[in-house]
Amino acid sequence: MSTAPRPGSLELRNVIKEFASPGHQGPVRAVDGVTLTIEPGEFITLLGPSGCGKTTTLRMLAGFEFPTSGQILLDGQDITVVPPNQRQMTMVFQSYALFPHLSVFENIAYGLRLKHLRESEVREQVDIVLHLINLTGMDARSPHQLSGGQQQRVALARALVMKPKVLLFDEPLSNLDAKLRLQMRMELRRLQRRLGVTAVYVTHDQAEAMSLSDRIVVMRAGRVEQVGLPREIYAEPQTAFVADFIGRANFVPTTVEALEGDHARVSALGQTLTVPAHAGLGQGSEAYLVIRPDALQIVPTTESGAAPGEIVGAAYLGQTAEYDIEVGNQALFVVDYTPSQVHAEGAAVGLRLNQTQLRLLPRQDPA
Amino acid sequence: MSSHLRTVRQWLGDWTLSGGLVLAVIFLALGIVWPLLRMLALSLSPEGLAEFAVVLGRGTFQRIAINTLVMGAAVATLGTGLAFLFAFVQVWVNVPFKRLLHWIALLPIISPPFAVALAVISLFGRSGLITYRLFGLRYDIYGLDGLTLVLSLSFFPAAYIGLLGMMRALNPALDEAAINLGASRWHVFRTVTVPILVPGILGSFLLLFVEAMADLGNPLALGGDFTVLASRIYIAIIGEYDMIAGAVLSVNLLVPTLALFLAQNYIVNRKSYVTVTGKPAGTPRLISSPFARWSLFAAVASVAALIVLIYGTVLVGAFTRLFGIDYSFTLDNFKFVLFGYGSQAMVTTVILAGIAMPIAALIGTLVAYLVTRKQFPGRNALDFASMLGLAVPGTVLGIGYVLAYNQPIEVAGITLLPKLAGGAGLLGGAAVIVLSFAARSMPASVRNGTATLQQIDPVLEEASLNLGADNGTTFRRITLPLIRPAVLSGMIYAFARSMTSLSSIIFLTTPYTKIMVAQIFTEADAGRFGNAFAYCVILIAIVLVAIALLYRVIGSTTGAEREASLGG
């Protein structure tokens, strides 16, 4: 684009949104005190299961809903109750929301025309974004004459052409087939980097969140569960919910036996383990030991220090093999990333734990 | 700041929303609520309450009330039967001339209220072409039998459209499932088809009941000694100049019709298993038994033949000197209507209905938009008030108009609204007639608009707001183009209904504002059937031309429709 827009910063201060619900006594809280700062140019993803409040949060950013209380600031200015048409934040909708009675060109030009630009200027800017999203020559088509992927691009172009301070994405890839989804994901990230625009992206797809985001906001029941880099969210989950929602994890119940500096001593799988401590867990606290499948390695039973286990379920997937292995009374999900041999159900194996990858978390219902 | 306060701020900040709402509220207040309140106030005043006791105690009133109910029930039964028969044949029976039968069934929709009645009198009355000329009978068609026939034929098309939609939307897989489980066709019909259609059947029964009870023109033309509430109200106002009795009788007509209307609304909206808008999932299995097929065809064909005969009589009657006495050919009737004394009414009616048409369609669409898309206090009240124009019998509303607008409305010596009704009223009484036309035909636009808006994802409007458009621009550039077909059909309905409605304006016409339907009544009453028929023919022609013009000007296809047809 000729003049790159200055990316905006966003701040949410204790934002609460309640909806009246006929079935319930009193209002239902969809968003329950979200506080969040989004830096200029950052790609941030709101991730969570359906009903976690991520879409409502996005709709409050767009101005389609007003918070019950709390504040939203764009570049330091309070926009909490600014009407949606005065926010300089454009959105890519899940259903694309292309105007069916307007051509591709008129769809993209819709917002520009509202700015009363000269016709030549409208033409020029639309051409630029059409080129940017590889749809040059498609401008006279009707939306229904386009494929799903092309419709998605037009929706993106329509939002980009406005040079918004912040781009909002509401599960934009969920209507595409798997292969196209991967391709669009890469393209989205490339475009956002190139234009430097701030982006807020809502999804329930963790792979999308991990691959696109600078930072991920994991939400649950209207609250922010954890904010962090994709690597932090996976490797250092702060709650059992996050550990369970992002990637696979085994939750082994245990008790903190002793605290030694920033490490804790626990017993699990017949072994005494030293793992990073958790601020919320003192000596004697009930806890979960979180073991990612990649922290477990299948070894011969004879290897010293290996926990003895029995294969109770096996699935060979080609590149990997997945096992359910019982150790004591505990069933563990284990992935063999180099399946040179396939273990049969009922086989006795040893399991080696990589202690540096283990995490200790407070007991909480996993998702 | 509370969210309630924020909602208020949002509305005040957006003049399109608040302006549109204010416009709709003012229109409904003037067109429906205020006249009804005036009528209720008079009937509940001390004089009114005294009249209640007198009226209700009279034996004649009880007979009239029973007459009204009997006629309503008879029309509802026969009309629903006809509607079901026609719809059933369209969907499940392979008969010749299917398309033609469909159009014939729709014919009575655009006819003025007297066309069918006058033709039936000419054909089957005391000097009827068929009863007397053919069979030498002096048959008395006036009364319940004639009324039931004429009203059923006049009103069944609306029920037919409703039932047809439901039958088409029925999932054929249900039939197939039942047959697959071993049921015979007849068994499937009894145990699956009819039970699923019960809400639709009941709905059309109640609809026809209300229409029959509210009708004024046919009881006046065909009732004879068989008086019903609507015609009794007319006699009270026009013959006895007794507004109090008129108001009291109106309440007695209003309460049952409103109750039936609400029941109908509830059944059709809440209790229906069938979504009328749904696309059929397959092809319905047609009736295969030749006996069933041909006897159904015979039944439908004979009713269709009767309708054709009736409209043929209207057309031929317009070129005949005096049906029943002198069957010679003449053009005098058309001369009278088109160029003579009668042309005034034609011009005036077209102009007034033409003015009411866009008002009804635009305000109706606006109300539909506000009710389906926006949250505001009083939303349900607005929705309800907008439906009253359809639910309240025209005669009742007509009295309300006379009571409300026969004098200027003044508050503290300041005239808020000049006298509207009567020859000395604003624009010779034309303004109040336009108001009545628009108020009576607006509900169709609300319904069409609501149904169409529910098909359009609100996210399109959000996308427009998100790109910087305000609510007004969004409504104009996104919503309105997408619901254009609904607006178009709302306009057609408004024009046709205004051109053909009698009950609501019969008390409002003045020497300066002659209305065609009232003229037809006058001509028929004076025995000049030829003129009346010519009026009917011209009226039907005007409505057809208007429909064609509207299609040309507005068009009926939008991108959304094309998309839907391609997607399906």
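**Reading a predicted model, feature by feature**

Trainee: How many other C-beta atoms lie within 10 Å of A:Gln71, and what does that make it?

Mentor: A residue is buried if 20 or more other C-beta atoms, placed from the backbone, lie within 10 Å of its own, exposed if 12 or fewer, and partly exposed in between. A:Gln71 has 15 of them, so A:Gln71 is partly exposed.

Trainee: Which residues is A:Gln71 in contact with, leaving aside its neighbours within four places in sequence?

Mentor: Contact means that the C-beta atoms of two residues, placed from the backbone, lie within 7 Å. For A:Gln71, the partners are A:Arg13, A:Asp78 and A:Thr80. Look at A:Asn14 too: 57 residues away in sequence, yet 6.9 Å from A:Gln71, C-alpha to C-alpha.

Trainee: And which strand holds A:Gln71?

Mentor: Helices (H or I, at least four residues) and strands (E, at least two) are DSSP runs, numbered from the N terminus. A:Gln71 belongs to β4 of chain A, residues 69-74.

Trainee: Which strands does β7(A) pair with?

Mentor: Two strands pair if DSSP finds at least two bridges between them. β7(A) runs parallel to β6(A), with four bridges, and parallel to β8(A), with five. A:Met89 stands opposite A:Val166, and A:Leu167 stands opposite A:Ala199 in β8(A).

Trainee: Are the faces of β7(A) covered or open?

Mentor: Both are covered: A:Val166, A:Leu168 and A:Asp170 are buried on one side, A:Leu167 and A:Phe169 on the other.

Trainee: How far apart are the end C-alpha atoms of helix α2 of chain B?

Mentor: The expected span of a helix is 1.5 Å times one less than its number of residues. The 29 residues of α2(B), 15-43, should span 42 Å; the ends are 39 Å apart, which agrees. Bend is the angle between axes fitted to the seven residues ending at a residue and the seven starting there. α2(B) has a kink of about 45° centred on B:Ala29.

Trainee: How far apart are the centres of the two domains of chain B?

Mentor: Domain bounds come from an automatic or database domain assignment, which here gives domain 1 (13-41 + 331-568) and domain 2 (45-329). Their centres, taken over C-alpha atoms, are 24 Å apart. Domain 1 brings 35 residues to the contact and domain 2 brings 40.

Definitions and conventions:
Residues numbered from 1 in each chain as written. Chains lettered and ligands numbered in written order. Predicted model: local features only at pLDDT ≥ 70, side-chain atom pairs only at ≥ 80, totals over all residues.
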